[in-house]
Amino acid sequence: MHDDETSQVIDRGQYEGTKSPWDQETWRNAALGWARRELAARGLRETGRLGVRLRPWSVLVRIPVAGSGATAARTAVWLKANPPAGAFEALLTAALARWVPEYVLEPLAVDADRGWSLLPHGGELFRQFLDRTPTDPRAWEEPLRQYATMQRALVPHTKDLEQLGVPSARTTALPEVFDGVVQFIAATTEPAADPAQLHALRPLLLELSAELAELGIPDSLDHSDLHDGQLFHPAAGRYTFFDWGDAAVSHPFCSFLVPAGRVRERYGPEAVPRLRDAYLEPWTENGHTTTELRRALTLATRLGVIGRAAAWNRHFPGASAATRAAGATESAKTLLKLSSEEPLL
């Protein structure tokens, strides 16, 4: 199949002027060639137009396929390419499929050196499920419970995760991660925020992170962007989590920041406490009291903005000044939320 305009549907979103490796013919041919070889090895063949989604932080290509034997049910697979700062996702996805296979997608193939993954179709998105069912925030309870169970299972693998290249943002190291984000913001042509305003947050950060560490809940994998479009709902009672490009090894409860925010937006703040307790339920087996767990979650969701801010610097090399500035602006806005005393929970 020829890779011309008639064989592709390209979505650049709001990033029409953004440079992407997809625009380089040699890179594009190499990536698609790799994917097609891996498909052929599994009895699959490409059957239609490619759906290409280009962002400063990823290239995602939907490849329609057909095949025979055990693979015949597949209708599409996904090729994902990450920038160097997010290249760990390929190895991480493969490792999670070994350690916690019931909670994640198993990749068809990965190229660890180039940060490429070939992923199966995961079924219906949780967001699609929510949109077609009656409004009920309790739908979040079971996926959050399963996600927390997965995080507990990954606690013994934290060093392994870091060896795979997953960024380390451990609870005791959050001040250093914060400093790195502030440096990224200050390095833009037009700083997105007054550096003094950001540095003024550091004493508060030290206080919050010290208290959180004192509670003694071990670090694990933080997805860092766990919204309703980042998990599949392929069958009743089953959920699979994906898109680990923003992940870090950090306090596990930082993961609750994003779903709590989405639930507040969709259902109102009164829905959050019940979902908080569903998320915390698997952690009660660690010997912590409900009061301690709730306090830890309150602290971690506040500190979770640091991981979110750090992820905005993970874009492809050669990103334009506008792209870097936009990332720095989002990082600054996110960090400044640390000073907010508005209760999330």
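Arg28 lies over the face of Trp22. Work out how far Arg28 is from the ring centre.

*Solution.* Start from Trp22 and go to the centre of its ring: Arg28 is 5.9 Å away. Keep in mind that the model you are looking at is predicted. A second case to look up is Arg98, whose charged end sits over the ring of Trp99, 6.0 Å from the centre.

**Exercise 1: a salt bridge and its surroundings**

Find the salt bridge between Asp111 and Arg114, and decide for each residue whether it is buried or partly exposed.

*Solution.* Step one: the two side chains meet with N and O 2.9 Å apart. Step two: Asp111 has 12% relative accessibility, and buried means under 20%, so Asp111 is buried. Step three: Arg114 has 37%, so it counts as partly exposed.

Now try Arg276 and Asp277, whose side chains meet in a salt bridge at 3.0 Å, N to O. Arg276, with a relative accessible area of 13%, is buried, while Asp277 at 29% counts as partly exposed.

**Exercise 2: ring against ring**

The structure holds twelve aromatic pairs. For Tyr147 and Phe241, describe the geometry of the pair and say where each ring lies.

*Solution.* A ring pair is described by the distance of the centres and the angle of the planes. Here the centres are 5.3 Å apart and the planes make 65°, an edge-to-face pair. Tyr147 lies in helix H4 and Phe241 in strand E10 (residues 238-241), so the pair links distant parts of the chain, 94 residues apart. Tyr147 is buried at 1% relative accessibility, and Phe241 is buried at 2%.

Repeat the steps for Phe253 and Trp283: with centres 5.3 Å apart and planes at 75°, this pair is edge-to-face. Phe253 sits in the loop between strand E11 and helix H9, and Trp283 in the loop between helix H10 and helix H11. Phe253 counts as buried at 0%, and Trp283 does at 1%.

Terms used:
Residues are numbered from 1 along each chain as its sequence is written. This is a predicted model: local features need pLDDT of at least 70, side-chain atom pairs count only at pLDDT 80 or more; totals for chains, interfaces and linings use all residues. Side-chain values use heavy atoms; hydrogens and water are left out. A salt bridge is a side-chain nitrogen of Lys or Arg within 4 Å of a carboxyl oxygen of Asp or Glu. Buried means under 20% relative accessible area, exposed over 50%, partly exposed in between (1.4 Å probe, protein chains only). Rings of Phe, Tyr and Trp (its six-membered ring) pair if their centres lie within 6.5 Å; planes under 30 degrees apart count as stacked, over 60 as edge-to-face and the rest as tilted. Helices (H or I, at least four residues) and strands (E, at least two) are DSSP runs, numbered from the N terminus. A charge sits over a ring if NZ of Lys or CZ of Arg is within 6 Å of the ring centre and within 35 degrees of the ring normal.
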